[in-house]
Amino acid sequence: MQLAGAATANEIGAAFTFGALEGVITAVFARVDEIHTDPHSGFDLAFPEGTPFPCLAAGTVVLVGVDGQDNWGRIFGNSCIIDHGDGTRANYGHFRDALALQVGDTVALGQIIGIQGSTGFSTGDHVHISLAKSDNPWFSKDVDGGVSRLLDPVEFLGGDARQ
Ligand SMILES: [Zn+2]
């Protein structure tokens, strides 16, 4: 698995780039901080308000989360899980608006998923990204499945962001 984009470091404050898109890492994987009292299930990226955010790897939509709809929606807000077809899946969360995606849709590398937002358990505009093996129970909407079994998305960055 490779995710498109690059980070200058796996640290809060490091720069993230995807083509011309530039953002800042605001939370890192598996870390506890003042906002995340449980180990963080992915990494967070912040961009200017209203930034459209692209899918970092092609795949198929297997879940569309709706802000506030259930436990998943209360945490990740407007969100989606994309199966990359190689045994891994990614979750993208907190988008501003309900996503124009449906389960079964294919998503291309670089395709805009939604506008960065702050829906769900969020204190400000950002995009949350989790990565895991496809059979991880965490991706069966069991958010207590165990962060220890998730992958650190930043370690999988470096893929070609050209579309
Ligand atoms: Zn997060």
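Predicted model: local features only at pLDDT ≥ 70, side-chain atom pairs only at ≥ 80, totals over all residues.
1. Residues are numbered from 1 along each chain as its sequence is written, and side-chain values use heavy atoms, with hydrogens and water left out.

2. On the zinc site: the zinc ion has as its protein donors His40 through NE2, Asp44 through OD and His128 through ND1, at 2.0 to 2.1 Å. Donors here are N, O and S atoms within 2.8 Å of the metal (3.2 Å for Na, K and Ca), and a site may look incomplete, since water is not among the atoms. Along the sequence the spacing of these donor residues reads H-x3-D-x83-H. Histidine 40 and aspartate 44 are both buried, a term that stands for under 20% relative accessible area, with exposed meaning over 50% and partly exposed in between (1.4 Å probe, protein chains only).

3. Serine 130 counts as buried because its relative accessible area is 0%. Its side chain makes a polar contact of 2.7 Å with the side chain of histidine 128; such a contact is a pair of N or O atoms within 3.5 Å, of which, within protein, one must be able to donate a hydrogen and the other to accept it, while residues adjacent in sequence count only if both atoms are side-chain atoms.

4. On threonine 51: this residue sits in the loop between strand E5 (43-46) and strand E6 (52-54), and it is classed as buried because its relative accessibility is 10%. The side chain of threonine 51 reaches the backbone oxygen of proline 48 at 2.6 Å. Not counting residues up to four places away in sequence, threonine 51 touches Leu21, Gly114, Ile115 and Gln116, where contact means heavy atoms within 4.5 Å.

5. On arginine 96: the loop between strand E9 (88-95) and strand E10 (106-107) holds this residue, which is partly exposed because its relative accessibility is 47%. Its C-alpha atom is separated by 5.6 Å from that of isoleucine 115, although the two residues are 19 residues apart along the chain. With neighbours within four places in sequence left aside, the contacts of arginine 96 include Gly50, Ile115 and Gln116.

6. On histidine 84: this residue lies in the loop between strand E8 (78-83) and E9 and is buried because its relative accessible area is 12%. A polar atom of its side chain lies 3.0 Å from the backbone oxygen of alanine 58. Beyond four places in sequence, histidine 84 is in contact with several residues, among them Met1, Leu3, Ala58 and Leu131.

7. On two backbone angles: phi is positive in alanine 30, near 70°, although the residue is other than glycine, and the loop between strand E4 (21-27) and E5 is where alanine 30 is found. Histidine 94, likewise a residue other than glycine, has a positive phi near 80°. Histidine 94 is found in strand E9 and counts as buried because its relative accessibility is 3%.

Conventions. Helix = DSSP H or I, 4+ residues; strand = E, 2+ residues; numbered from the N terminus.
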